[in-house]
Amino acid sequence: MDTAQSVEASLDQLRRAVAGRKVEPICTAYLALRKAAAANAMDVSEVLLNADGVPSRSASHVIARAFSRLRCPMCQSGVMGCDECEGSGMIDAEKNCAACKGAGIRPCDYCQGTGWAPRGMIPSEISLSRVRKLQLTDVKKDVDRLAKIMSKALADKAERLSRKARRNLASMMIRLRARAGSLAEEDCLDNRKRKWLRATASVLDTRLTKFCG
Ligand SMILES: [Zn+2]
Ligand SMILES: [Zn+2]
């Protein structure tokens with residue numbers, strides 16, 4: 001039967017995507033499977049549960065993780081080029097752009113700088129609290145990663161960093177500040193975690209002002 005085949009074909013696509021461990025293909029394959037399942041009046045989680053060679057528990061984890069890392073379609077990891085200097089960071093040959101303090105970037109309007117896909121791009125059957133918890137894990141890792149990079153960069157003196165290195169660091173700080181700030185608003189996370197997220201966002205805000213100032 002044609003329709004049943006399309007569920008099977010979508011499952012194959014998903015198996016390949018999961019094996020490839022890349023975010024976008026996994027999300028695309030899952031959305032295709034979901035569509036094929038719906039066309040056959042089947043429930044996508046039932047399909048996954050009964051699929052050969054797809055352990056349903058790990059599949060649901062891999063899928064939730066992929067959606068937790070799905071990118072905002074409007075920007076590059078949370079940032080856009082600064083409008084004032086058209087992303088160059090300079091107003092004339094020597095003067096740093098005042099709007100972006102020479103970084104050449106600003107937070108994306110669409111995702112507010114998180115770089116995450118909007119809520120509407122995450123299928124409703126995937127638990128949002130699960131997605132947010134996975135995002136929190138990533139934020140924690142990035143906070144550690146940033147601390148290591150910063151201590152090295154500041155030891156070298158921020159002014160002496162190349163424009164590209166400054167931009168990368170600023171972009172990471174903008175994104176992480178936005179992520180921590182947005183997760184701090186999520187009711188599904190407990191108060192202790194939200195308090196830490198708020199404090200993290202505020203520390204990053206101060207650092208960013210200092211770094212770019
Ligand atoms: Zn600028
Ligand atoms: Zn964006």
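## Domains

The protein chain falls into domain 1 (2-68) and domain 2 (79-212), with bounds taken from an automatic or database domain assignment. This is a predicted model, in which local features need pLDDT of at least 70 and side-chain atom pairs count only at pLDDT 80 or more, while totals for chains, interfaces and linings use all residues. Residues are numbered from 1 along each chain as its sequence is written, and chains are lettered from A and ligands numbered from 1 in the order in which they are written.

## Contact between the domains

Taken over C-alpha atoms, the centres of domain 1 and domain 2 are 32 Å apart. Their contact takes 8 residues from domain 1 and 8 residues from domain 2; two residues are in contact if their C-beta atoms, placed from the backbone, lie within 7 Å. On the side of domain 1 that touches domain 2, H3 and H4 each supply at least two residues, and the largest share, 5 residues, comes from H4. Helices are DSSP runs of H or I with at least four residues, strands runs of E with at least two, numbered from the N terminus.

## Nonpolar core

The largest nonpolar core has 45 residues, of which Leu14, Ile26, Tyr30, Leu33 and Met173 touch the most other members. Such a core is a set of buried Ala, Val, Leu, Ile, Met, Phe, Trp, Tyr and Cys residues joined through C-beta atoms within 7 Å; buried means 20 or more other C-beta atoms within 10 Å of the residue's own. H6 gives the largest share of this core, 9 residues. Both domain 1 and domain 2 give residues to this core, so it lies between them.

Key: Buried ≥ 20, exposed ≤ 12 C-beta atoms within 10 Å, placed from the backbone.
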